[in-house]
Amino acid sequence: MTAPSPTVPEPGERPRGRRTTIAKAVNEALRAAMEEDPKVLVMGEDVGKLGGVFRVTDGLQKDFGEDRVIDTPLAESGIIGTAIGLALRGYRPVCEIQFDGFIYPAYDQIVTQLAKMGYRSSGTVKLPIVVRVPFGGGIGAVEHHSESPEAYFAHTAGLKVVACSSPTDAYFMTRQAIRSDDPVMVFEPKRRYWEKGEIDLDATPLPLHAASVVRPGTDVTVAAYGPMVRTALEAATAAEAEGRSIEVVDLRTLSPLDADTLVASVERTRRLVVVHEAPTFLGLGAEIAARVGERCFYHLEAPVLRVGGFFLPYPASRHEDDYLPDLDRVLDAVDRALAY
Amino acid sequence: MTVPVVGGHPALPRVEPPIVQLLTPEGERVEHPDYSIDVGTDELRAFYRDLVLVRRIDAEATALQRQGELGLWASLLGQEAAQIGSGRALSPQDYVFPTYREHGVAWCRDVDPVTLLGLYRGVNLGGWDPTEHNFHLYTIVIGSQTLHATGYAMGIQRDGAVGTGDPTRDTAAIAYFGDGATAQGDVNEAFVFASVFNAPVVFFCQNNQWAISVPNERQTRIPLYQRAAGFGFPGVRVDGNDVLAVNAVTRAALDRARGGEGPTFIEAYTYRMGAHTTSDDPTRYRIAAEVEEWKLKDPIARLKVHLARTGQADDTYFGEVESQADRLAEHVRTACLAMPDPDPVTMFDHVYRDGHALVDEERAWFEAYHAGFSDADGGAR
C-alpha cells in the first residue's frame with residue numbers, strides 16, 4: 001500500500017522523518033507566521049499564559065509578549081468584533097474560539113460583519129482574520145464541546161472555510177490562511193490534536209483551496225474532511241482486505257469547494273460516499289451530492305450517499321460512539337453504493 | 001400609558017442628573033467648572049453654518065425619499081449639535097465608527113453628502129472609502145461598531161500612537177451609537193474590552209430618547225452615563241443640543257484617550273425630532289407635546305439667538321448661510337437623480353479579495369444567461 005500524498009499519515013505507517021501532532025503543527029505555524037509578520041496577532045480565551053485549553057498556543061505569549069498574544073475577556077463576540085477593528089488598523093489577528101459550541105455568541109460578528117464588510121466597502125477595506133475552531137466530537141466531553149458547525153459558515157458568502165486533517169496540512173493551511181487577505185475559518189479536528197503523524201515542512205504545500213486524493217482507489221470515492229479523513233482511510237484499509245478499492249478524497253476546503261477534484265474522482269470510480277460528523281441534513285454532503293449529481297449524472301452508478309451525524313442535538317457523550325460516523329457506518333454506505 | 005412590569009419596580013430616587021451645558025436653550029452663554037471652551041466669532045459662525053447645512057442635507061434626503069428617489073432615509077433632525085459638536089472635536093488621524101444616522105459627523109469628515117445617499121438609494125452598501133476619511137462605513141446592526149472601534153483603538157495602542165504627547169501622532173477611535181444600543185451585548189462587551197485594555201476610544205452615545213418606538217425607560221433604569229462607572233471608566237452627560245458643550249466634552253474625552261488615560265462614555269442628551277426612519281410613524285407611540293417641548297431646545301435656534309444677540313452675526317450672514325444651504329441641497333438633489341443604477345454583474349465584485357471558485361462560476365453563469373437574452377432580441381439586455 002502506498003500513500004500518494006505526504007499530507008495524511010496512514011494508520012500504522014512507519015515513521016519516515018519527523019513526527020508531530022496537529023496541535024504542535026498549528027503551534028509551529030502560528031510561531032512562524034508571527035516571526036514573519038509583526039502584524040500577526042493571536043487572541044482568544046486562555047491563549048496566553050495557559051497556552052490555550054488544548055495548548056495549541058503554548059509558549060507563544062512568553063516569546064511574543066502580551067501585546068501580540070492577547071488573553072481576551074471571556075466574550076466571543078468581543079473577540080471577533082475587536083479583531084475586526086484591529087484588522088481595520090492593519091493587523092492580522094488569528095482568533096481562537098475555545099470550542100465549536102462556543103462560537104455562537106460570535107456568530108453575528110462573523111456573519112454580519114466579518115463576512116460582509118469587505119463587500120460592503122466595495123473592497124476598500126480588508127479583513128485578513130483567521131478564526132480557528134477546534135471542532136467535532138469523540139472526546140467524551142460535556143455539551144457544547146463536540147459540535148460541527150462548519151456548514152453555517154460555509155453557507156455564508158464572504159467567508160472561506162477549511163478543515164485540516166494532518167500535521168502537514170495543519171501547518172501549511174494555517175500559514176496560508178494567515179497570509180490570505182480574506183477571512184478564513186480553520187476547523188481543527190480536536191480529537192486528532194494529539195495523534196502523531198509525519199510532518200514535512202519541505203514539501204510543496206497544496207493550495208489552500210484544493211482537495212486532495214489521499215488514497216487512490218477504483219470502486220468508490222469516499223470524501224471526508226477533518227477528523228473523518230482518518231476514519232475514511234481506516235475504512236479503505238478494511239475494505240481492501242475484502243477486495244474493495246476505495247479512493248479517499250480529503251476535501252480540505254469547504255468554501256470554496258474544490259468540486260473539480262471530486263468530480264474527476266467520481267468520474268473514475270462512479271460512486272461517491274460523503275462523510276462528516278455534522279448532521280447529514282443540509283450538511284456539506286447535501287451540497288456535494290447536488291453538485292456531483294449535476295456534473296456526473298451520466299457517470300454515476302449509484303446515488304451519492306451521505307454518512308453523518310443524526311438530526312439531533314449532539315447527544316450525551318455515552319451516546320457518541322453510536323452518534324458519530326465510524327468505520328462500520330462508512331463501510332455500510334460503501335456496500336450500499338456498490339449494491340446498485 | 002406604560003405597561004406595568006410584572007412584580008413592579010421599586011421606585012428609584014429621582015435625582016436630576018448633572019448635565020454639562022455651555023449654551024442654554026435661550027441662547028445664553030454659561031460656564032461649567034469642568035469644561036470651558038474658548039470659542040471665537042469665526043468658530044461660532046462656522047458651527048452655525050455646519051448645523052444649518054447638515055439640517056438642509058437631511059431635509060433634502062427626506063424629500064428625496066418621499067419622492068421615491070431613496071428607498072429609506074434615517075433623519076438626524078434634532079441631533080445636529082451632538083454630531084457637529086463631536087465631529088468638529090476630532091483630529092484628522094482619529095477614526096470614526098458611525099451608525100447609519102451620523103450624516104453630520106460624515107460632513108465633518110468631508111464625506112460628500114451625495115455619497116451617503118448610495119446606501120439609501122440602493123446603488124451600493126456604503127459608497128465611500130473609509131480609509132480616505134477615517135470615517136468607517138455606516139453600520140446598521142445596532143451596536144456592532146462599538147467593538148470595531150475598540151479593536152481599532154487596541155491597534156492604535158500597538159502602533160504606539162497613544163500617550164506620546166505629539167498631537168499629530170496620538171490617535172483615538174470614537175464609536176457612535178444610540179440609547180437603544182446600550183442594551184446590546186456587543187456594546188457591553190466593547191465597554192469591557194476598552195476598560196481592561198485601557199483602549200483609546202470614546203463611546204459617544206446620542207440618547208435621542210427613542211429606539212424606534214421603545215422609550216429609554218425600557219433600555220435602562222439609571223441615566224446611561226452612569227453605566228460607565230460599572231465598567232471602570234468615566235461617564236458624562238452633556239446637553240446634546242448644545243454644540244459648544246458637546247464640543248468641549250468630546251475634546252476632553254478625545255484628549256484623555258489620546259493621552260493614554262483610556263475610554264470615556266459620553267451621553268449626549270438629545271431628541272429625535274423626526275421619525276426613526278422614513279418608514280416609521282412616531283404618532284403611534286409618542287405624544288406631540290413631548291416633541292413641542294423639545295422644539296424649544298432646538299440646537300440651531302439657540303446658537304442663532306446667541307450670535308444675533310451678541311452681535312457676532314446678523315441677517316446678512318444668516319442669509320448667506322441660507323443661500324449656501326440652498327446650493328448644497330440643489331447639489332444633493334441633482335447628484336442623487338443622476339446616480340446611475342449599478343451594472344448588474346458588479347454585484348459579484350468584492351465578495352472576496354483573492355477570488356472564490358463558486359462566485360466566479362455563478363458570475364460566469366449570470367453573464368451567459370444575460371448574453372442569451374441579448375442574442376434573442378438583438379442586443380438589448
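Author: In this predicted model, 24 residues of domain 1 of chain A are in contact with 21 residues of domain 2 of chain A. The domain assignment places domain 1 at residues 19-198 and domain 2 at residues 212-339 of chain A. Between the C-alpha centres of these two domains of chain A the distance is 26 Å.

Consider the domain 1 side of this contact. Three elements of chain A give two or more residues to the side of domain 1 that touches domain 2: helix 6 (150-154), strand 6 (160-163) and strand 7 (184-189). Strand 6 of chain A gives the most to that side, with four residues. Sorted by class, the residues on the side of domain 1 of chain A that touches domain 2 are ten nonpolar, seven polar and seven charged.

A:Val184 lies in strand 7 of chain A. Is A:Val184 buried or exposed? A:Val184 has 27 C-beta neighbours inside 10 Å, and the cut-off for a buried residue is 20 or more, so A:Val184 counts as buried. Apart from neighbours within four places in sequence, A:Val184 is in contact with A:Val130, A:Lys160, A:Val162 and A:Ala177. A:Pro128 is 56 residues away from A:Val184 in sequence, yet the C-alpha atoms of the two are 7.8 Å apart in space.

Now the chain as a whole. Chain A has twelve helices and 14 strands. Its radius of gyration is 19 Å, close to the 20 Å that the globule rule gives for 340 residues, so chain A is as compact as a globular protein of that length. The C-alpha trace of chain A spans about 60 × 45 × 40 Å along its principal axes. Of the 340 residues in chain A, 58% are buried. Among contacts in chain A between residues at least 6 apart in sequence, 80% join residues at least 24 apart.

Chain A also touches another chain. The contact involves 34 residues from chain A and 33 residues from chain B. On the chain A side, helix 3 (76-88), helix 4 (107-114) and helix 5 (117-120) each supply at least two residues. Helix 3 of chain A gives the most to that side, with nine residues. The side of chain A that touches chain B has eleven nonpolar, 16 polar and seven charged residues.

Notes: Residues are numbered from 1 along each chain as its sequence is written. Chains are lettered from A and ligands numbered from 1 in the order in which they are written. This is a predicted model: local features need pLDDT of at least 70, side-chain atom pairs count only at pLDDT 80 or more; totals for chains, interfaces and linings use all residues. The radius of gyration is taken over C-alpha atoms; the globule rule is 2.2 Å times the number of residues to the power 0.38. A residue is buried if 20 or more other C-beta atoms lie within 10 Å of its own, exposed if 12 or fewer, and partly exposed in between; C-beta atoms are placed from the backbone. Two residues are in contact if their C-beta atoms, placed from the backbone, lie within 7 Å. Domain bounds come from an automatic or database domain assignment. Ala, Val, Leu, Ile, Met, Phe, Trp, Tyr, Cys and Pro count as nonpolar, Asp, Glu, Lys and Arg as charged, and the others, Gly among them, as polar.
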